[in-house]
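Trainee: Could we go through this structure together, one question at a time, with the cut-offs spelled out as we go?

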Amino acid sequence: MPVSIVVGLQWGDEGKGKMVDHLAETAVAVARFSGGANAGHTVEADGKRFALHLLPSGLVRKDVIGMIGSACVMDPVTILEEIRSLEGNGISIEGRLMISGKVNLTHPAYRCLEVQSEADLASGKIGTTGRGIGPTYVRKYRRNAIRLEDVFNMQSFIELVDFHTLEAINTLNLSSTDVEKLHSDVQSFIEATKEVSRFTADVSLQISEVLRDRDALVIAEGAQGSLLDPDHGSYPFVTCGQCVAGAACTSLGFGPTMVTDVIGILKAYTTRVGAGPFPTELDNHIGTQIRKAGNEFGTTTGRPRRCGWLDGVLAGYSARINGCTSITLTLLDVLSGFDELKICTGYEGDHFTTGRSMDKLIPVYEILPGWQEDIRGETDWDNLPSAAKDYVLAVEKIAGVPVTSISTGPGRNDVIWR
Ligand code: GDP
Ligand code: IMO
Ligand code: MG
C-alpha cells in the first residue's frame, strides 16, 4: 500500500510533472493534492508536449487513474478546456478521473477581485498567476465558498453563486460592460460546473480501495513549491494552497501512516516567477544564459522566470519540512557549458529566515568546476563527466538527503537512477 508524495523543493517549476509522469509507469493512481490551475506541469511523451494545470500528470498514461483532492481549487471552465485538450491529443479521461466533491470552485468574479487586490498592493504586488486562486482560498476559510458537490442541490447552488456575483459587483467599480460580461461568465461557470460534476467522487474512499492491494502505488502529486507554501514559504510572497508533503494527507484523506516515500524535486539551479525574495538570483548574463538554456518561461503565464544559482540552504530547509526520503535533481543538463558553478551553502552572519526580511539574506557560495559535455538525455551515471557527478554529490551533502535520481532532459525517460 505505498503512497509516494512528490513535492517541489523550491519556488515551483522544478520538473514535478515530468517526474510524476516518469514514476507513474508503475502507479495505479496519481492524485493532485494542492493548488489549482496556477500550476503548469509539463509532460513530454510519445513526441507530444502536454501542459497540465489541474489534471494530474499521470493521466497522460492511458491506464492511470487521476484524482483531484479536496484541498485543490477548481475553475470548472478551465478544467473542461484541459480535458478537451487531452482528448484532442487522443487521450480520453472518461472513467478514470475522480474529483473530490469538496474542492472549492473559482467563481468568475474572483479573477476580477484578484486584479483589484494586486492593484491595491501597488509596489508590494505578489505577481500572482491571475487564476483567482487567492480569492477562492480566502472564501474557503471565510466559510462561504462554493464546493463542487453544492451543484447537486441546484437551488441553493444558484443562490450561492448569485451571492458571490453580487458581492463582487458591490465591491468592485465595474463598468456596465464588465457587469454584462460577468453575468455571461457566470452562466458559463454554472454550465461547466454541471458538466464537470459527473467526475465527482469520494477521493479518500477511492484511494483506500486502491491501497487495499498491497502492491498498488499511489502517487500524490504536489503543485507549486515548498517556498511558495503559506506557512513555510517566503511569506507574504506565496500562494494560498498548502504545498508541502503534509498537505497530501489532509487533501486526499489518508493518514500519515500510509506514506512510504516523500520525493523532493529539486532543480539543479533556482527559478522563480512572480515577486518576492530570491537570495541567489542572477540578474546578469549568467541568469540570462540559464533562462535560455533551460527555456525558463512560465508554463501557465508565459512570464520569463527569474534565474539564479542553486540555494543549498533552502534545499536542506525544504527537505526537512517535507521529510524527504530522496531527492530527484532535475534539469542538470541545463548547467552544461559553464566554467564554474556556485551553490549557496550559507548566508553572511549565519542568519536565516523565510519571512519578511528574507530579502536581506546575502548568500555565501561554494564554487565548483563546471563541465562542457552535453549530457542531455543521459541515463547512465557512469557516463556523467566527473564535474557533474561532483555537483550532484555536493547537492546531496548540503541537502542532507540522497539524490537517487537525476533528470537530464524533458523526455519521459531522460532519467538517471543511481
Ligand atoms: P513543474 O511545474 O514542476 O511540473 O515544472 P514545469 O513543467 O513548469 O517546468 C519544467 C520545465 O522543464 C518544463 O518545460 C519541462 O519540460 C522541462 N524539464 C523537466 N525536466 C527537465 C530536465 O531534466 N531537463 C530539461 N532540459 N528540461 C526539463
Ligand atoms: P507549478 O505547480 C511557479 C506563484 C506565482 C506567484 C505566487 C502566487 O507549476 O510549480 P497564485 O496565482 O498562486 O496566487 O500566485 O505563486 N506560483 C507559481 N510559481 N510554479 C507554480 O506552479 C506556481 N503557482 C503559483 O507566480 O508568485
Ligand atoms: Mg510549472
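Mentor: Leaving aside residues up to four places away in sequence, Val60 touches Asp21, Val43, Phe50, Leu52, Ile91 and Arg412, where contact means heavy atoms within 4.5 Å. This is a predicted model, in which local features need pLDDT of at least 70 and side-chain atom pairs count only at pLDDT 80 or more, while totals for chains, interfaces and linings use all residues. Residues are numbered from 1 along each chain as its sequence is written, and side-chain values use heavy atoms, with hydrogens and water left out.

Trainee: Does Val60 count as buried or exposed?

Mentor: Val60 lies in the loop between strand E4 (48–52) and strand E5 (65–68), helices (H or I, at least four residues) and strands (E, at least two) being DSSP runs numbered from the N terminus. Buried means under 20% relative accessible area, exposed over 50% and partly exposed in between, with a 1.4 Å probe and protein chains only. Because its relative accessibility is 6%, Val60 counts as buried.

Trainee: Which backbone oxygen does the side chain of Thr193 reach?

Mentor: Thr193 is found in helix H6 (residues 176–196), and at 0% relative accessibility Thr193 counts as buried. Not counting residues up to four places away in sequence, Thr193 touches Pro76, Leu105, Leu148, Val151 and Phe157. A polar contact is a pair of N or O atoms within 3.5 Å; within protein, one must be able to donate a hydrogen and the other to accept it, and residues adjacent in sequence count only if both atoms are side-chain atoms. At 2.6 Å, the side chain of Thr193 reaches the backbone oxygen of Phe189.

Trainee: At the start of helix H9, which backbone nitrogen does a side-chain oxygen of Asn284 reach?

Mentor: Helix H9 covers residues 285–293, and Asn295, which follows H9, has a positive phi, near 50°. At the start of H9, a side-chain oxygen of Asn284 comes to within 2.9 Å of the backbone nitrogen of Ile286.

Trainee: What radius of gyration does the protein chain have?

Mentor: The secondary structure of the protein chain comes to 11 helices and 19 strands, and 55% of its 418 residues count as buried. The radius of gyration is taken over C-alpha atoms, and the globule rule is 2.2 Å times the number of residues to the power 0.38. For 418 residues a compact globule would have a radius of gyration near 22 Å, which agrees with the value for the protein chain, 21 Å.

Technical notes. Chains are lettered from A and ligands numbered from 1 in the order in which they are written.
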